[in-house]
Amino acid sequence: MLRLELAFYVGCLNLGERLEKLGALSVFPSPLDPSLKKHRFGGLYDICLALIAGRSVVGNDFDGDGHLLVMITGANQGRKSTFLRSVGLAQLMMQCGMFVPAKTFAASLCSGVLKHFKREQDNSMRSGKLDEKLSRMSEFVGHLDSDALVLFNESFAATNEREGTEIARQIVGALLNHRTRMFLVTHMFEFANGLAEDDSRGVAFLRAERREYGSRAYKLIEGKPLRTSFGEDPV
């Protein structure tokens with residue numbers, strides 16, 4: 001057991017040295033009480049992307065204190081999913097007692113990090129995409145409590161927008177009533193805009209930044225959802 005525990009810390013040291021050589025930032029986070037439901041950071045980036053690219057990568061700033069749901073919309077290939085992954089990894093690293101890939105990071109501790117990302121089509125044809133997603137969601141709920149952190153990535157997009165919006169409203173609404181923290185990536189405008197028009201929910205909105213002529217900045221900015229995801233941009 002001592003060898004295993006020491007191996008973890010040696011791995012942390014090696015990772016820290018690797019990030020330093022890449023010129024990538026890291027910081028020891030500030031864990032907060034779970035009941036506060038807080039999440040704020042500066043320069044947060046996806047550590048896996050930095051290691052694969054072999055260089056420092058673009059980070060994001062956000063102050064989500066007071067918001068149970070952070071909804072992420074915007075241009076295709078704007079690294080929305082990458083941002084979502086960076087949030088989950090940083091939370092896990094903090095709760096392991098590690099540094100995190102950011103300039104500053106403070107967040108409430110959580111009872112678990114649960115993710116619901118889209119999967120490839122079931123080649124066995126035992127079920128459709130919507131059935132598969134709802135089945136996973138049903139299993140997912142059994143592990144939830146109000147102190148969990150939930151990451152949704154296009155979780156309700158396996159059907160038409162009208163049905164997907166209704167499913168999303170019911171699931172997300174129930175989790176908000178349960179005071180569960182969530183980060184959610186979606187392209188469903190009706191769903192996102194409905195929450196944007198309902199100020200009582202206190203939802204925070206981030207949008208993948210799109211530069212002039214359609215290029216991507218790979219940063220997220222505060223902004224309400226748009227009707228288009230700019231899928232025709234040459235990126």
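With a relative accessible area of 41%, Asn160 counts as partly exposed. The model looked at here is a predicted one, and Asn160 sits in the loop that links strand 7 to helix 5. The side chain of Asn160 reaches the backbone nitrogen of Arg162 at 3.1 Å. Gly16, on the other hand, is 144 residues away from Asn160 in sequence and 45 Å away in space, C-alpha to C-alpha.

Strand 6 (residues 113–117) runs parallel to strand 7, and five bridges join the two; here Val113 has Leu149 as its bridge partner. Strand 8 (residues 181–185) pairs with strand 7 over five bridges as well, again in the parallel sense, with Met182 as the bridge partner of Val150.

Zooming out, these strands belong to an open sheet of six, in the order 6-7-8-4-9-10 and with mixed pairing. Strand 6 and strand 10 (216–222) stand at the edges with a single partner strand each, so one side of each is left without a neighbour in the sheet. On average, neighbouring strands are turned by 15° against each other, direction ignored. An antiparallel pairing shows up between strand 9 (residues 204–210) and strand 10, which share four bridges; in this pair Arg207 stands opposite Ile221 of strand 10.

Helices pack on this sheet too. Helix 3 (residues 80–95) touches strand 4 (69–74) along with strands 6, 7, 8, 9 and 10, and its direction makes about 160° with that of strand 7. Helix 5 touches strand 4, strand 7 and strand 8, and its direction makes about 155° with that of strand 8.

Helix 5 (residues 161–177) has a helical neighbour as well: its axis and that of helix 6 (residues 189–196) come within 8 Å and cross at roughly 40°. The two helices are therefore oblique to each other. From helix 5, Glu161, Thr165, Ala168, Arg169 and Val172 meet Phe189, Glu190 and Phe191 of helix 6. Sorted by class, this contact holds four nonpolar, one polar and three charged residues.

Note on methods
Residues numbered from 1 in each chain as written. Predicted model: local features only at pLDDT ≥ 70, side-chain atom pairs only at ≥ 80, totals over all residues. Heavy atoms only, no water. Axes fitted to C-alpha atoms, helices over the stretch in contact; angles between N-to-C directions. Parallel < 35°, antiparallel > 145°, perpendicular 65-115°, else oblique. Contact = heavy atoms within 4.5 Å. Nonpolar A, V, L, I, M, F, W, Y, C, P; charged D, E, K, R; others polar. Pairing = 2+ DSSP bridges. Buried < 20%, exposed > 50% of the residue type's maximum accessible area, 1.4 Å probe, protein only. Polar contact = N/O pair within 3.5 Å; in protein donor to acceptor, adjacent residues only side chain to side chain.
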